[in-house]
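Hi everyone, thanks for coming along. Let me put the structure up on the screen, and then we'll walk through a few parts of it together.

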Amino acid sequence: MSTPNSQESVPRTGEHTRTGLSKAALKQDFLDNLFYIQGRFREVASPHDLYMAAAFTTRDRLLKHWVESAQVFKTSHARTVCYLSAEYLLGPHLATNLVNLGIMETAHEASKELGLDLEAILEEEEEPGLGNGGLGRLAACFMESLSTCQIPAIGYGIRYEFGIFDQAIEDGWQVEKTDNWLRNGNPWEIPRPRIRFAVGYGGYTESYRDERGQTRRRWQPALVINGMAYDTPILGYRTANANLLRLWKAEATCSFDFQAFNTGDYYGAVHASIQAETISKVLYPNDEPEAGKELRLKQQYFFVSCSVQDMIRLHLNTVGPLETFAEKFVIQLNDTHPALAVVELMRLLLDEHAMSWEQAWDITHRTFCYTNHTLLPEALETWSVSLFERLLPRHLELIYEINRRFLDEVRMRFLGDEARVWRMSLIAEGSERRVRMANLAVVGSRAVNGVAKLHSKLVKTMLFKDFADLWPDRFHNVTNGVTPRRFMVVANPRLSKLITRTCGHDHWIRDLELLRELEAHVDDAGFQAEWRAVKYAAKRDLVEWMQQTTDIRLDPESLFDVQAKRFHEYKRQHLKVLHVIRCYQQIKQGQTQDLVPRAFIFGGKAAPGYFMAKLMIKLINAVGAVINNDPQVNGWIRVAFLPNFNVKNSQRLYPAADLSEQISLAGKEASGTGNMKFSMNGALTIGTLDGANVEIREAVGAENFFLFGMTAEEALQRQITGYRPWEFYQNDPELKSDIDLINSGLFSHGDTQLFRPLTDNLINHDPFMVLADYRAYLDCQKTVSDTYKDRERWTRMSIFNVARIGRFSSDRAIREYAEHIWKVEPRVIDPVTEVDS
Ligand code: Z2T
């Protein structure tokens with residue numbers, strides 16, 4: 001529903017309304033923006049000028065929906081989801097916004113008539129890489145699906161000045177380059193200088209008497225900085241709903257400390273403002289917490305405090321008294337990074353709004369929900385009590401009080417079970433006492449969920465077993481999903497057009513289960529040929545791009561075998577390398593009967609401080625250098641490392657993949673989301689029964705999935721009974737010879753030590769059981785090769801993968817959250833009618 005007011009507030013000046021969707025309107029507004037915003041004529045415009053003009057032209061069209069949505073949500077008091085995430089891996093905005101506005105085709109035609117190439121303009125965009133990997137990308141997919149599903153939502157996070165580093169490969173090693181994504185300006189964000197909040201750090205707490213003579217506690221921080229809001233509209237697919245992504249930038253409370261200035265300490269005064277700005281300066285490039293990083297805790301508290309203060313302001317301005325806060329807002333914690341929000345809401349309700357503990361806790365507890373994204377113990381966040389005390393003394397007091405009341409409940413329920421009390425405490429006791437953020441998140445939330453069926457089961461039965469004993473109904477599963485708008489329509493227009501033509505409609509884009517209609521065509525030889533042609537064209541595109549960026553030549557006729565994801569031992573990129581080396585040795589020995597020509601393509605970043613992950617990257621490039629330059633083998637196999645795997649580059653990769661490598665040790669990968677993106681683009685999966693692989697296999701059919709390896713249970717059992725990797729090394733001559741070849745120096749110009757840390761670790765410790773799964777993996781890869789030789793069979797399997805992948809749309813995930821976790825309903829925004837289309 002649109003209010004009469006907002007109808008009139010959309011400027012209408014004849015044909016070019018700045019919001020019209022016709023080709024004529026797009027052309028005129030593009031030229032206007034080029035002139036009035038970039039200050040350029042068409043003739044002298046740089047590619048970047050053209051991109052900016054296209055972005056502003058598109059943004060104008062978003063703003064109409066966004067302002068309208070905000071107005072309706074505000075006046076109708078719509079229940080709103082607040083998604084709190086330290087990371088948003090958004091990827092380029094322009095193409096997805098054009099698709100969601102329904103004007104991609106029109107924009108293509110408009111560009112052509114202006115003598116411009118829209119593809120080249122899209123290439124110009126530098127993506128906001130405000131995340132590390134799956135967790136940050138999931139937040140971005142969820143924001144898009146929230147709008148598409150028409151659920152009122154605000155995403156809160158940090159406006160990092162530098163996102164995830166750009167990866168260069170030099171001499172085979174990863175080299176990190178700073179990501180200066182704001183350098184040329186960001187046309188998608190709207191600064192909100194009026195939306196600022198003060199955030200305190202340090203200082204002390206004290207008791208005092210309030211006006212009514214009551215004794216209360218308060219916090220006197222030693223340092224106060226400001227957070228300022230930057231808003232980015234996120235439009236849904238073909239809806240008028242546009243939600244808000246609100247990212248906070250840190251700044252000094254006043255840019256001049258006059259006291260210091262007057263005493264002549266000019267430098268000191270400016271220094272304070274630089275210190276404050278440091279807080280939102282850079283994203284931590286680790287997918288695991290870095291021990292004791294004070295700035296990281298400051299970042300977490302910074303964005304959490306701004307966000308909760310913003311919600312309280314919104315509530316007071318629209319609904320009224322805070323008693324109904326939990327009815328208006330539900331807060332979703334994306335892992336424990338924003339778990340401090342539980343304590344911050346308590347602090348604000350108690351200290352600033354004078355609520356009783358009971359009422360404040362009731363509201364807080366009914367507001368929060370928490371998603372866990374990992375079982376790896378090293379990835380579970382804890383902060384030392386002493387750091388907490390120094391940085392957030394009032395919050396530590398509140399955590400102690402939450403803990404005291406909580407542990408009383410545990411003692412009451414499990415009489416005399418002090419071991420359980422120790423395990424469940426929010427404070428880990430030991431030589432250094434630490435705050436357990438995951439326990440805080442579970443205690444503070446009304447719902448806790450994992451991100452795939454297997455993961456959620458392990459969350460409930462292993463990680464948080466004690467909590468599930470106490471509160472069994474608190475634990476849920478919501479399997480992850482990804483947005484088909486970006487990962488199919490934008491990334492793979494050829495496939496999308498083929499699907500639309502075959503189905504006779506494009507409703508599948510908003511209702512992905514409709515892809516099932518493709519099954520009716522799976523035996524149609526003509527359709528199969530078109531399907532293969534689409535994949536071949538995508539492979540050719542990738543070949544060309546790889547040639548330009550890395551100088552590596554790939555053959556589009558070969559099987560494109562791809563592993564692209566963050567580098568981590570548990571993801572087992574080294575298992576893939578052992579397979580590559582096995583193929584190499586087989587070819588060298590003239591045994592090619594089991595092979596098909598393959599391109600082994602790797603992509604992914606390693607945390608800068610993760611030595612083993614960086615060594616794996618070096619190993620891949622070293623093996624590649626030998627293989628690619630050996631004419632005896634390079635007709636069969638090639639190895640390519642695609643540098644700087646980010647959202648933009650991922651969109652080149654998914655459409656071109658024949659085989660998707662999802663080979664983590666079972667029980668370690670919480671869900672995986674790349675697995676879904678590959679499958680959506682017609683790649684077949686070789687994978688373990690880990691994370692969402694289990695459900696993908698169920699959905700596409702076991703006969704269309706290459707399964708290998710131990711189950712999570714078997715892996716656990718083996719760990720318990722004692723795993724001896726050297727036995728595998730000794731007993732399997734091929735495995736031994738593959739590892740020995742690495743140590744021979746063949747791939748390292750005679751250096752027999754370079755890869756020792758990796759090979760020694762495999763033989764002696766192998767924490768992720770690479771050697772135990774090696775033989776099963778190679779056997780399975782033989783099945784892959786055999787299957788690929790039967791092109792028709794492979795094509796049918798590929799079609800089945802796409803036809804049955806509908807469940808893994810993030811729209812489905814969001815609807816499950818909405819119904820089972822958030823209890824929130826869609827709120828449809830009626831589009832303001834166009835005057836010129
Ligand atoms: C991350 O990307 C994931 C988990 C984390 O645990 C941290 C980061 Cl940065 C704290 C990933 C999981 O590894 C992956 O399995 C999952 O699909 C993804 O989150 C989204 O849930």
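At what angle do helix α12 and helix α13 pack, and how far apart are their axes? Before I answer: this is a predicted model, where local features need pLDDT of at least 70, side-chain atom pairs count only at pLDDT 80 or more, and totals for chains, interfaces and linings use all residues. Residues are numbered from 1 along each chain as its sequence is written.

So, α12 (residues 340-352) and α13 (residues 357-367) pack at about 145°, with axes 9 Å apart. Helices here are DSSP runs (H or I) of at least four residues, numbered from the N terminus. The axes are lines fitted to C-alpha atoms over the stretch in contact, and angles run from 0 to 180 degrees between N-to-C directions.

Who meets whom? On the α12 side we have Val-342, Leu-345, Met-346, Leu-349 and Leu-350, and they meet α13 residues including Trp-357, Trp-361 and Ile-363. Contact means C-beta atoms, placed from the backbone, within 7 Å.

Now to Lys-677. UniProt, in an unreviewed entry, lists Lys-677 as "modified residue: N6-(pyridoxal phosphate)lysine"; such annotations may be inferred rather than shown by experiment. Lys-677 lies in helix α26, residues 674-680.

Across the protein chain, 49% of the 837 residues count as buried.

Terms used: Buried ≥ 20, exposed ≤ 12 C-beta atoms within 10 Å, placed from the backbone. Helix = DSSP H or I, 4+ residues; strand = E, 2+ residues; numbered from the N terminus. Contact = placed C-beta atoms within 7 Å.
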